[in-house]
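Here are a few friendly notes to read alongside the model. They follow the charged side chains from pair to pair.

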Amino acid sequence: MGKTAYIFPGQGAQKPGMGKDFYENSEASRRVFDQASGLLGIDMKTLCFEENEKLNRTEYTQAAMVTTSLAMMAEIERRWASGERGLRKPDVTAGLSLGEYCALAAAGAMEVFDAITLVRKRGIFMEEAVPAGEGAMAAVLAMKAEDVEAVISSIQDVWIANYNCPGQIVISGRTKAVEEACKALLAAGARRTVRLLVSGPFHSPLLLKAGEKLSGQLEPVLLKTPEIPYVANVNGEYVYSAEKIKGLLKEQVYSPVRWQQSVEAMAAGGVDTFVEVGPGRTLTSFVKKIVKGAVLINVETWEDLKKLEEGESHE
């Protein structure tokens with residue numbers, strides 16, 4: 001039998017109504033939403049379940065996404081603990097950008113409410129790092145990573161932010177530099193470039209100060225040795241101990257997310273089943289392009305829990 005990874009989405013997958021059915025059907029999930037509301041002083045039900053402008057603002061998005069994914073995990077973990085329907089713990093966890101905090105909580109390295117509190121602060125620091133309009137991000141489609149690197153190497157103030165999967169790289173930087181890079185990439189053979197609806201140049205050196213501020217917030221947080229390993233965004237490597245985690249999370253804010261490399265590492269470690277927990281199917285769509293023949297399961301609605309029981313791909 002192959003191994004199973006639980007993976008958690010990042011910013012961009014959020015949508016009104018996410019997690020509402022878990023709140024209505026699961027006491028464990030409801031507790032996460034309610035306690036997050038009290039901790040953050042934000043009505044998480046209004047933020048996550050109803051149409052509102054705040055959901056797409058980074059300072060709110062990150063807390064909303066992590067709360068939702070971890071509320072879903074609370075119900076899944078309850079079923080593990082009771083041995084219900086044969087569900088078992090994963091062999092490894094990973095998350096895209098802010099999803100790494102969910103991965104840490106699911107791996108037993110970080111308390112759920114520390115993860116939620118930290119990403120709220122992380123979102124604020126990232127939002128404040130660069131004035132609105134001065135930073136941008138864009139997805140580059142159908143171009144090899146090394147070709148993207150070569151093209152942008154001569155353009156100042158633009159960097160690779162995400163290695164998502166073969167044929168999808170994200171760049172980040174000063175708005176004018178990103179615009180210049182997009183033109184150069186299209187001229188060099190990229191099929192398409194798509195500006196992302198984000199408020200800043202995330203995962204670029206322009207967020208160095210945000211990473212330093214986050215480091216200060218991480219300092220007093222108690223981390224534990226992961227009960228199961230997780231894979232870090234910064235280097236795409238398995239993490240087995242607590243000692244490096246704070247440094248990795250600081251660096252992650254201003255470094256590229258190596259998602260493709262993370263998935264390749266998990267596959268090399270024997271993972272053949274990937275379970276995405278949270279809104280959307282972004283990560284399973286990436287995995288599909290990285291690991292041929294993998295079993296892909298997404299859990300974003302209450303009904304999706306049946307997929308875990310069946311253990312079959314629903315892509």
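1. Does K307 count as buried or exposed? This is a predicted model, and in it K307 has a relative accessibility of 9%. That value is under 20%, so K307 counts as buried. Its partner in a salt bridge is D304, with N and O 3.2 Å apart. D304 is buried too, at a relative accessible area of 10%.

2. Next, have a look at helix α4, which covers residues 58–82. R79 and E75 sit 4 residues apart there, so about one helical turn separates them. Their side chains meet in a salt bridge of 2.8 Å, N to O, and both residues are buried.

3. K89 and E227 form a salt bridge as well, with their closest N and O atoms 3.5 Å apart. This pair links distant parts of the chain, 138 residues apart: K89 is in the loop between α4 and β2 (92–95), and E227 is in the loop between α9 (208–218) and β7 (230–231). K89 is partly exposed at 46% relative accessibility, whereas E227 is exposed at 58%.

4. Some charges link up in a network: salt bridges connect R57, E59 and R120. Across the whole structure, a search finds 13 salt bridges.

5. Finally, turn to the surface, where R191, R192, K289 and K292 gather in a patch of positive charge. One of them, R191, lies in the loop between α8 (175–187) and β6 (192–195). With a relative accessible area of 65%, R191 is exposed.

Methods
Residues numbered from 1 in each chain as written. Predicted model: local features only at pLDDT ≥ 70, side-chain atom pairs only at ≥ 80, totals over all residues. Heavy atoms only, no water. Patch = residues over 30% accessible without salt bridge, like charges linked within 9 Å, V, L, I, M, F, W, Y side chains within 5 Å. Areas by Shrake-Rupley, 256 points an atom, 1.4 Å probe, with all protein chains shown as cover. Salt bridge = Lys/Arg side-chain N within 4 Å of Asp/Glu carboxyl O. Lys, Arg positive; Asp, Glu negative; His and termini not counted. Charge placed at Lys NZ, Arg CZ, Asp CG, Glu CD. Helix = DSSP H or I, 4+ residues; strand = E, 2+ residues; numbered from the N terminus. Buried < 20%, exposed > 50% of the residue type's maximum accessible area, 1.4 Å probe, protein only.
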